[in-house]
Structures are given as C-alpha cells and as structure tokens.
Number of protein chains: 2
Amino acid sequence: MMANAAFRNLNVNEGRLMKDIHHTAQRGKGAVWGSAATETGMARLSLSLEDKLVRDWFVETARSLSCNVHFDAMGNIFAVRSGRNDGPATFIGSHLDTQPSGGRYDGILGVLAGLEVLRVLEDNKVETAFPIGVVNWTKGRPISNINGVIWRVGWLNSSRQGPILEAENKRIGIVEGVQAYRWHTITVRGRECHTGATTFPYRSDALLAAARMISHSHVFASEFSSLASTGVLTLKHGSTNTVPGEVTFSIDIRSSSDSQLMQLEEKLKQDFETIAKDELLPGMTGKGVKGRGCSMEWQLVSSSTATTFDKNCIRCITDSAESAAAEAGIAAEDFMKRGMISGAGHDSVYTSKRCPTAMIFILCKDGISHSPGEYSSSQECATGAQVLLGSVLRFGELRAVEASSGP
Amino acid sequence: MMANAAFRNLNVNEGRLMKDIHHTAQRGKGAVWGSAATETGMARLSLSLEDKLVRDWFVETARSLSCNVHFDAMGNIFAVRSGRNDGPATFIGSHLDTQPSGGRYDGILGVLAGLEVLRVLEDNKVETAFPIGVVNWTKGRPISNINGVIWRVGWLNSSRQGPILEAENKRIGIVEGVQAYRWHTITVRGRECHTGATTFPYRSDALLAAARMISHSHVFASEFSSLASTGVLTLKHGSTNTVPGEVTFSIDIRSSSDSQLMQLEEKLKQDFETIAKDELLPGMTGKGVKGRGCSMEWQLVSSSTATTFDKNCIRCITDSAESAAAEAGIAAEDFMKRGMISGAGHDSVYTSKRCPTAMIFILCKDGISHSPGEYSSSQECATGAQVLLGSVLRFGELRAVEASSGP
C-alpha cells in the first residue's frame, strides 16, 4: 500500500513531546511524589486561571502549526489543519485540565500527542487527505455539536489504561469498547445523637450504615466481576462526639455488560435497604448490636451504556501498531494487546455516539491514572504518539479511498 | 432536719424556666424538626455572635439577681450570689453554646436551671450558708483555675442522659460516675486511581479500608459492651471516579472500665492493621477481591479515664430527689434511678478533678441529645431544676455543719 510507504519516514520527536508535557505541567502543579522536578502530580482544574494559561499556550501553538482554531460555548477548543480535500477533520484529542489530584499524563498526553502529530506534519510538509485536528475538551462538559458532526469524523483518542498492559508486558492497547457505568448519589438518613450518652440499640447511625454499604458493594461487585467504588463521602455536620445523622456518598458501578451492570445495581439496592434497616444480610453471621435503622435514597447522577468503537478506526490503529512493532523489531502480538475494554468512560464514549471513534492505550506504571504519581516513560509516550500518527494518516487515506469510490 | 423544712416552700417556676429556654433559643436557631415555633434545634457555636448575645443576656440577668459576675481568659463566665458565710461558691453550670447541630436542652438547661435556682432564692430572700454560683463554660475549652479551687466547691451539673430513664420509666437519674473515653484520629493512606481503569487487585482504596474499620469497630465494641463511634470522616480530594487515596476519620471509644477500654483499643489497633493490609480477619469468610492494601496511623486526640463523683454531692442529690418524689406522691424508687454511669464526658469530668462534683439526669424523649430534635417536656425540665435547687441548698447546709464542727 503506497500510503504506508509514505508514512515510513514520519516519526514523532520524543524529546519535543516530553518538553511540551513538562513545560505545560508547570501550570497547576499538584502533589510532589518524587525528587525530580517533573515528579509532581497536577491540580489544573477545569477553567481555572492555570487552565486558561495552558489553553492560551495550546491555541498559540496550534496557530503556529497552520491551524485554524475555534471554540464552542462550553470552552471546547478545536484546532484544525487543512488537508487536500475539504471535509470534517479527523480529530485527535482529550483534555488538558485535570482532577483536583491528577497526574501529568491522563488527558494531557492525548492533547499533546495530537500537537506532536501536527508538528511532524508541518515539519515534513505533509498534505493529508482530509483536515486533521486536535481537540481540547473542557472536562466534565457534554460534547458540543460541531459542524453538524457526521460519521466521517474519526476520533482517535490517545489514552492510558490500567495495569493490564504492564502485567502482560505489552506496549500498545487497541481498545474495542468501554465499560458501561452508572453513578449514583446515595443519602442515608439516621439521627444525630451523643456518642457517649446513646448506646447502640438506640442509635440510627448513618455513617455506620454507609460504611457497611461501601464494604458490601465491594464484596458484591467482586462476585459479579464488576467494579464498585465510592469516591465522595460527605457527613452533614460532623463532630467526634456526635453520631452522624446524615451521610451522602457516591457509588460508581461498572461492567462490560449492560445487563450485568443492571443486575448488580438491583442487588445492591435490595441489600442496601437491608443494611439501612440494620438487619442481617443473607449469610451474614454477626454485625454487632442492632440499632434502630436508617432511611435511604438513591439518585442516578450519570450513566453510560457499554460502548463499541468503530471498526475502521480500530483497523487503522491495528495497522499502525503492526507497522510500529515491525520498525521496533518486535512481533506484533508481543507489542500490542487487541480487544481491550476500557474501564474508564473518557470523552470518546460521548464522541462515539456521534462519529467513528477509537482509543489507543499505552503502558504506564502500575496502571495508575487519576493520581499524582501516574507515570509513563518518555519512550512509551512517544510510542503511543507514533501509533497515533500512523493511525490518523491511515484513517485519512481510508476516507480518501471511500470518497473517490463513492457515488 | 431543720434545713429540709426551710426548703419545703421553695419551688422553681416551670413557666419562667421554659420562657428563659425558648427566649434564648432565638439566638442561633438550628434545624426545624416540628411545626411549633419552639421545635427547632440549635446551632449556637462557641464564641459566635449569637453566642455572645446570649452570654450578654446571661450576665445581665445574673447581675439583676444580685450576682457578681467575673470571667476568665477562656471566656468562662462565673456569676456568684453571696451567702451567709464567705467562701468558695457552690456552682451550678454547663454551657450555653451548642454543637453545630445541637438541640435546645443539652448544656443550655444546665445553665438556665441554675439561673432559675437563683431567681427562687432572690424571690424568697433566701440567705444561703455559702455563696451559690452559676457557671457558663465555653464549650470545648479546658477548665480554668478559679480562686485556687478547693474541694469545698460543689459542682452540681444538671444534665440529660440517654434512653435509660425513659426505658425504666423514671424521672431523675443520680449519676455516680462517667465512662472513660479515648478519641483518636485515624489516617488511612492508599493510592488514588481511576475507578474505571483500575481493577480491584491493583487498588489501595483508603475509603474501603476505612469503611471496613468503622463496621468492624462496631462489631468489636459490641462484644466488649463498650461504645465505638465515628463522627468525622474526611476524604482528601474526592471525585466520583477517583478511588480515594487518603481518608481521615475519628474514632471515639468509651467504656465504664478503664482496663476494658484499653483492651478494646489494643484489639482495634491490631485488627485495623489487618484490615489496612486487606487481609482477612480471623473468622471472616469473604470480603471480595483483595487489593494492594494501605498504610495507616493512629493519633490520640483526647482521653479521659473513668470518673467517680463525690459521695456528699451524690447524697445531697439523693435526699433532694427523695423529697421531690414525696411531694409528687411517688415512691422514691419509681422516681429516681441511682448509680447511673454517664456515657458522655460533660464538663463535670474536668471539674471533678478539682472539686466535689455530681450530675443530675432528667428524662428526655428517646434519650436523644446532641440532635436538633432533642426534647424534654417542661415538666421534666422543672423537675430537674427542683431537684437541683434542693441539692444545692442541702450541700450548703452540709458545708455549714462541717465548717462549724471543724477545727
């Protein structure tokens, strides 16, 4: 295939990519986890001043790479480099902002690898078949409507994934879909009372009930080969000598199967009701002195059904990874893991409802993301960017072929 | 006994006491729990503006009742009405300020019942053997040094207690001592990670560990006939899709026996370490997929050994309650419960280290205090104040007898 030959001499610049990462990471530094200057996490909250400064840098850099930049009402930024043909761009993207306690790769690498792809195209004066763009999503904001989005827009999202690649000693993960998830806020209402003056039988301890629910959700999600996690928990008031009267917590449940997820949720709803009443769950032998029980309610906050990515996008990534493996002298099956299911939602779940989408995973230390200490070596970041470059170029060629053979 | 005859015609005024309670409760209103204007809780935080306004009212009222008022550096207020003899006052007292989510009786009744006692003395031109005072403690502040405190100062603290009186259908509790307690702050450190991307075996979930510790502390305190409670729990950062990396929570353990309390604490320290490592506790059958474990540390914040109150104070309260029972035509044993051990610390634990101290409990609904909905009927409040009046007068007579028979 002629296109492949043309791609052969295009290589991302590892040092340049890392320079972008560590340069922009100076804005919104988070927790320090190591002794090197680059060993800090990130706390670059969405639309904060630090985020704005990095967004400004992104826009300026993209413009210097011959991009037209536009924005939407949600603050999403779209930088587009023209191609041989008009038409919707093939976008690369993620988000430059982070969790309050994020790291310097999750999200950020997806955008900066996109910029590195643009730099390679500029340096080599490559004219792509269709426009190529980089998008910086405003995190947590819903996807906006751009150009009356059509299926032709390919979203190739460089991202990272849990510990699977590391455990299997592979470097690139080809993601075929994303787990379903459902987020709930649960409120447990008991009654405040003095910790010393009120013996167990007279208590309605909202936090004890919540603690039992959290422990139980882990047991049950384990049985269902699913995930359950609580990331937020808030006590109304709170003092050491007051039994909490109201506790609110999040529960995030995930499964690769929509039906299994709903079964898990139904089971948890049933069991949490039993726990709230301070009654024994089936099979439970002891839980201490029984109290008076609490009331509780669930509120669905967000949900997403299981996602399946676009077959053409997946094929382009696979071809690109095979080529990268060959260049590195590694057998393709030792280099990449096919058919991965992402646990995390990512922006690509939303984009996949509008246009062809896929994701690339790279190797990261201990599979940790959303943590100050998350880490991918410069080699792995560059490998991901290289596969991304090849994927996007291949996808453009595919579009060109389809356009020329069209009606 | 002549003194008893003299006390017979002295009666507290139920309406006047309740008027003071509901009048001052307008400052620092808390959560509404019923439809009546007086059915709200209190949120009159220590040294807040609302607290200051009530303190001003207290000082003004005490001065109008012939009291000298003085303050110490902690903001504790001492109002003293002179007696026949000079000498340290016999104090009645508690605190007018409340928890963030307190009610209108706990603490407040102890001070306002003291004022009601002073009103009765003033109205009837009673000259007591020694000075009588009312103290308003600044809550949570350590006891100050007043007048080189000596054993002669009797602290008679009107307070309320859990559900025991209600369950046994008695109206006055004679408190002989207070439970030991120890407060710790526990920090669990795991590692933040993405809830979707990180499967259970790779997690160090600090909140899951904390939840298991809280559940377990209840089970174990139940086995030890002790109490364990968590009233404060804080997550570092916190978002729905991030597994918490650090959780801090309080644990408040109490027992009527110092040695039993230490045994409970040792056992919890041992078991929490096992839970932190995500290992099975003895006898535990399943807890879901094992993770990587967390580290943890304990910090002792506050502690108090078991307290035994003064025998003379207890005798005066008992005599006064017997007299009140007789006036009400109720058998003494149906009216009062002797030998109660208070679960809550109260200021009287601190005063008892300096001078003779005792406490009176009154009947309250469901034994609930430290809660917006705590409630004692006006009759029960007045009964407590009446027993308090008789106790304080008797204690003064006892001091006079001792003084005259002294060396």
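## A buried aspartate in chain B

B:Asp20 lies in helix H2 of chain B, a helix that covers residues 14-24. The model is a predicted one, and in it B:Asp20 has a relative accessibility of 8%, so this residue counts as buried. When its neighbours within four places in sequence are left aside, the residues in contact with B:Asp20 are B:Trp57, B:Leu112 and B:Arg119.

## Fold and dimensions of chain A

Chain A contains 11 helices and 18 strands. Its radius of gyration is 24 Å, close to the 22 Å given by the globule rule for 407 residues, and chain A is therefore as compact as a globular protein of that length.

Of the 407 residues in chain A, 60% count as buried. When the contacts in chain A between residues at least 6 apart in sequence are considered, 78% of them join residues that are at least 24 apart.

## The interface between chains A and B

The contact between the two chains involves 64 residues of chain A and 64 residues of chain B. About 5500 Å² is buried between chain A and chain B, and carbon and sulfur atoms account for 62% of that area. On the chain A side, the residues that lose the most area to chain B are A:Phe200, A:His218 and A:Thr240, which together make up 12% of what that side buries.

Which kinds of polar pairing connect chain A and chain B? The rule finds 20 residue pairs in polar contact across this interface, with both residues at pLDDT 80 or more, whereas the count of salt bridges between chain A and chain B is zero. Several elements of chain A each supply at least two residues of the side that touches chain B, namely strand S10 (193-194), helix H6 (206-223), strand S11 (227-229), strand S12 (233-235), strand S13 (242-243) and strand S14 (246-255). The largest share of that side, 10 residues, comes from H6(A). By residue class, the side of chain A that touches chain B divides into 25 nonpolar, 30 polar and nine charged residues.

## Salt bridges within the chains

Side chains of opposite charge can pair when their charged atoms come close. Over all chains, a search of the whole structure finds 40 salt bridges. One of these is formed by A:Arg81 and A:Glu122, whose closest N and O atoms are 2.8 Å apart. A:Arg81 counts as buried because its relative accessibility is 8%, while A:Glu122, at 23%, counts as partly exposed.

A second salt bridge joins A:Glu246 to A:Arg189, with the closest N and O atoms 3.6 Å apart. Here too the pair links distant parts of the chain, 57 residues apart, with A:Glu246 in strand S14 of chain A and A:Arg189 in strand S9 (residues 180-189) of chain A. A:Glu246 is buried, with a relative accessible area of 18%, and A:Arg189 counts as partly exposed at 34% relative accessibility.

In chain B, B:Lys170 forms a salt bridge with B:Glu168, the closest N and O atoms being 3.9 Å apart. B:Lys170 has a relative accessible area of 17% and is therefore buried, whereas B:Glu168, at 35% relative accessibility, counts as partly exposed. Returning to chain A, salt bridges that share partners join A:Arg189, A:Lys236, A:Glu246 and A:Glu297 into one network.

## Residues with positive phi

Most residues other than glycine have a negative phi. Where in chain A is A:His237 found? A:His237 sits in the loop between S12 and S13 of chain A, and it has a positive phi of about 60° although it is not a glycine. With a relative accessible area of 40%, A:His237 is partly exposed.

In chain B, B:Lys125 is likewise a residue other than glycine with a positive phi, in this case near 50°. B:Lys125 is placed in the loop between helix H4 (108-123) and strand S6 (132-136) of chain B. Its relative accessible area is 73%, so B:Lys125 counts as exposed.

Conventions: Residues numbered from 1 in each chain as written. Chains lettered and ligands numbered in written order. Predicted model: local features only at pLDDT ≥ 70, side-chain atom pairs only at ≥ 80, totals over all residues. Heavy atoms only, no water. Contact = heavy atoms within 4.5 Å. Buried area = accessible area lost by both parts, 1.4 Å probe. Salt bridge = Lys/Arg side-chain N within 4 Å of Asp/Glu carboxyl O. Polar contact = N/O pair within 3.5 Å; in protein donor to acceptor, adjacent residues only side chain to side chain. Helix = DSSP H or I, 4+ residues; strand = E, 2+ residues; numbered from the N terminus. Nonpolar A, V, L, I, M, F, W, Y, C, P; charged D, E, K, R; others polar. Buried < 20%, exposed > 50% of the residue type's maximum accessible area, 1.4 Å probe, protein only. Rg over C-alpha atoms; globule rule 2.2 N^0.38 Å.
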